[in-house]
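Hi everyone, thanks for coming.

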Amino acid sequence: MNWVKYAGKRLLMLIPVIICVTFILFLILSAAPGNLARQLLGQDATEEQIEAKQAEMGLDKPLLVRYGLYMRDVVRLDFGESWINGESVLERFQNRLPYTLMLSTLAMIFAVAIGVPLGIMSAIRQYSLLDYGTTFVAILLFSLPAFWLGTMCQILFCLILRWLPTSGITGWKSYILPTVILGANTLASMIRMSRTSMLDVIRQDYIRTARAKGAAMQVVVRKHALRNSLIPIVTQMGITFAGTIGGAVVTENIFTIPGIGTMLLNAVKSRDVPVVLGTVIFVTIIVGIINLAVDLICALIDPRIDLAS
Amino acid sequence: MKRKLSSILALLMVCVMVGCSAGGSGDTGGSAVTQAAETGSSAAQDAGDASTTAEPAAEGKDTIILATSGEPYRFFAQGSQSCAGDDNLVLSNLYDCLLFLEPDGSLTEGLAESYEVSEDGLTYTFHLRQGVTFHNGMPMTAEDVKFTFDTGFQGPIGAALFVNFESCEIIDEYTVEMHLTEPYAAFPYGVASRLGGIACKAYYDEVGEEGYMAAPIGTGPYTFVEYVSGDHTTMAAYEDYWRGAPPIKTVIIQTVADTNTQILGLQNGDYDIVRNPSIDVCTRLDSDENVEWNSTNSTGRITMSMSEWTGPASDKNFRKAVQAGINKDDINDAAFAGYAETLDIDMCSNYGGYVTVDDGIEVVEYDPEKAKEYLAASSYAGEEFAIMVNSGSTLETCAKVIQAQLMEIGINCQVRAVDNPTYQDGWNLRNYEGAYIVNNLSSLVDADGIITGHRTDRWEEGLHYARDPELYDLFMKGRAAQGDARKPFYVEGCNIITEEAYDVPLLNDITTVAYRSELKNVLAHCLGNYNFRLYHY
Amino acid sequence: MEESKVSLLEIDALTVEYRTDDAIVHAVNDLDLRLDKGETRGLVGETGAGKTTLALSVLRLLPERVGHIAGGSIRYEGRELLQMPEAEMLALRGKRISMIFQDPMTSLNPTHTVGDQILEVLNLHFPEMTKQQKEAKVDEMMTLVGIPPSRKTDFPHQFSGGMKQRIVIAMALVAEPELLLADEPTTALDVTIQAQILELIRNLKNQFHTAVLLITHDLGVVAEFCDTVSVVYAGRVVEYGTVEAVFEKKNNHPYTAGLFGCIPDLKDDQPRLHPIAGRMSDPRVVHEGCCFCDRCDHAMERCKTVAPAMHVHKGHGIACHLFENREDF
């Protein structure tokens, strides 16, 4: 089946997902305690002022109507303004997306470029010192929480050694620590995933067949094992990448990177509904695209996958 | 062989884990610098030894970066939006008020060189300074003052800050008369508040509210340069400032969400000032010679308010038991390392009209035995007594200490730490059963701040603001009288509250500031203002 | 002992162990085998007798950490394989000695086209051939095994089990090797396909004069297809000879006799089959005496303690005390 058609179908399938997710979010946020109008105007505001503010925010209408109005605007690509500071949601998202994307991409490259080769080599030299060593490192990275590792690295590299800036984005050096911290977890899972995948593939019969044909082990690994072991790795990469888009909150917080994670978290905490919904819609679309890309790549690698089915 | 290797690795792991958990904490040493509240003495500085790490020379540096987690974003106070303490970071530097609020809560001259109050307390005459210009070069006149007050009064915080304001009359280009509906002793504090920053009428007529918000103009020592949401706000020195051009030419207010990062950045030299760090962070900084900190009483009262309309707290004996069973010094030690002041009444000592034991205030001492007696005399049957607090705040620490103290005298006390919107909601609507620990901040540094919790006019809305209409009466008389004549009313009112034990005032909240040692003149301010024009390297 | 002439493949006293953390598995014990040029020998035995291990040992493809050749010698055309450096082994594998494996479903790489997989053999061993020559050879081989060359750009999952095994055979024989190790090539296929595949192997081996070591548990296949047969039990050869001699059923090792007894006979009317009592001995345990002793109907006292020697007469060898001094088989 033509992959363009397939891609189109998949993207269209995102629409029901978005509707479902936003509706559930809408319900939850509406049910949560906390009256934003009252909060914004302060304790001393009169009831009329609060009611006026609520009408302005559209909070006086019933839930379904509000949801309908919101979705109608979304279709017109109007994602509204933040209830807290009036800034356009779309603009705010566009300002912050590049940082998050940059950070996520760098973290993925870091994790994959180091983790996959290490994992594969561990698998080939199973039970060697290299194997034990990388497994140890991987488990360590898994276990150390990001906020601890991040703060420790800050103290070491920024305060004591003064090699790197503490926070914010002031140049290419600012990306080094956040990339490593964000990528640490993914690195660990890449090592484990590659190792497991390669171990699995090496035990397959066709590897034995290839060797029986007279191919050296190195050649066999490169030509036969690698491609087959990549399939689960690519899938894992897709899942992780999608996760780092919205989930880099801790890293963003520690290193003060103006990314999407913090924006979303703050919006939820302060019940800024337009920002929450807008961000979730954008993130859903991005994640959907990433998943699609991953599936297409897998189909490219593995001829057994038939897109039409 | 494989087994031996596994055991060695396991051992290594355990060592790493142990090493991680024994994280070294900073040692306390060096002198802590605190600012006495009443006398307003200047901060003592320690003549430190040379620092061990070579620091770049800060001489002649004219840019400072302030790290804050709460971000300012409303830059025009008199508009239809409210504005809060975070916004005041910028407002107090973009604008000047007629009167200036000092760090210790006293008032000095601002854009008004002097003022008089009429005999009946209903008219305030302000004599404006001449030759003051706005950032766009236009002169500041009585028109701008009238515009500021008329417009500000219409907004959501107008009635709260410009209490009893009726009108502003222009007498001549540099004289205005403010007329009040009723006498209000704390009116000058409203004038000096964030709502009283004089705005430029002509500019407003030109660009409207939205334009003003986006590019604000004032007479203050700093001009607005830019605001990047979620990131920073930049201000530049106003060279034609009437008090003289400030030495610090650029101020960047940087939003840094994580407090650890703020402090690391300060120690690193990335930031020059950190806004309101918590007390345990400050005491940790004592060991770093490059950094100093000081604190002062804020205008906030940390008070525990009990729901006397429902639940166990509806029984007076129960409330008296709670009142006697709380040890405020312990709370002070736990939450503020002893740096705060304990309170006996719901007022801060820096308030105008503040009353003390000398004026007749009655004090209830900590007495757990007495508390148990009260409890026995009450109808308390072991029900849960829940204290609501804002999760993760100092108030939560206070609540936990109180919980332990109350459990000791036999009250089944629980702490409910909820997220901010839920916390605000519950308090604004007063629909709770048990107690709330709140930090009652008064923008007016005056005893009148006590009245907000006792307004009978909100009774109809079902909000349990007023405990006792008599209290409202007394406080209304207190705000109308002038000078010492106010005191008897407040004494009587506070004593009623103490007698009925509606509230237990706990501590006077403190504001802190941490900064690089080379930066001079940095003082913590009772309202959390930062007067950047005074700082220099 | 057979007459000594230089055979194609000579295996002497081969002992192979699998060393795991828990125990040592004695897969092949003191095994002897001969194969001449062009000969087709069947290697018969139950599952777990060590047949596949033997074949893998020849190619030195045992699982690395676990498999150990503990003793003996394997000579190919007189050259000792067990000491040979890996580079020389690579030159042998696929070119002079080929192997086909049991399960065609998993023997092919799912992400390479079948044409490429056959081509790989030529790329490895005949670098001097041009691209066109190689492609032509691949086409030729595919036609020989009965697969249209137009399908060489298809992937393994697009073929049935039988066709996959044909491709495996094509891969094994494209270099025209002298020795083919066929490890149960038809076990995973259904009966009708089995016949086709065996026919194909027979034709090709005739065409290329390839010697075949056919590993199987199916006596019928041996009878149909092989010249000679070795019967393996518990990692050692217990009987060997020409197919006529062994299948005459007059003189056999008790195990072989038992195997024959398991096969239903069309001519006789048997209400029940006679399986061999008991199970194959645990390969982790080293035996004293005869390995078949516990299951043998004719076991004697001596069998428990003394391992029987191989008693040979006219090329028919039986390792059993019953045939000790006999001259008549």
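Let me start with the second largest cavity, which has a volume of about 80 Å³. This is a predicted model, where local features need pLDDT of at least 70, side-chain atom pairs count only at pLDDT 80 or more, and totals for chains, interfaces and linings use all residues. Residues are numbered from 1 along each chain as its sequence is written, chains are lettered from A and ligands numbered from 1 in the order in which they are written, and side-chain values use heavy atoms, with hydrogens and water left out.

By cavity I mean a set of points, on a 1 Å grid over the protein atoms alone, where a 1.4 Å probe fits but cannot get out; lining residues have an atom within 4 Å of a point. Volume is the space filled by probe spheres set on the points, which are joined across faces, edges and corners.

Who lines this one? From chain A we have Thr209(A), Ala212(A) and Lys213(A), and from chain C the lining includes Phe101(C), Val168(C) and Met171(C). α6(C) gives the most, with 3 residues; helices are DSSP runs of H or I, at least four residues. The classes are 6 nonpolar, 3 polar and 1 charged, with Gly counted as polar, Ala and Met among the nonpolar, and Asp, Glu, Lys and Arg as charged.

Now to the largest cavity, with about 260 Å³ of space. Of its 23 lining residues, the closest to the centre include Ser92(B), Tyr95(B) and Asn529(B). α2(B) provides the largest share, 4 residues. Here the lining has 10 nonpolar, 9 polar and 4 charged residues.

Terms used. 1 Å grid on protein atoms, 1.4 Å probe; cavity = no way out; pocket = protein on both sides within 12 Å on 5 of 7 lines; lining within 4 Å. Helix = DSSP H or I, 4+ residues; strand = E, 2+ residues; numbered from the N terminus.
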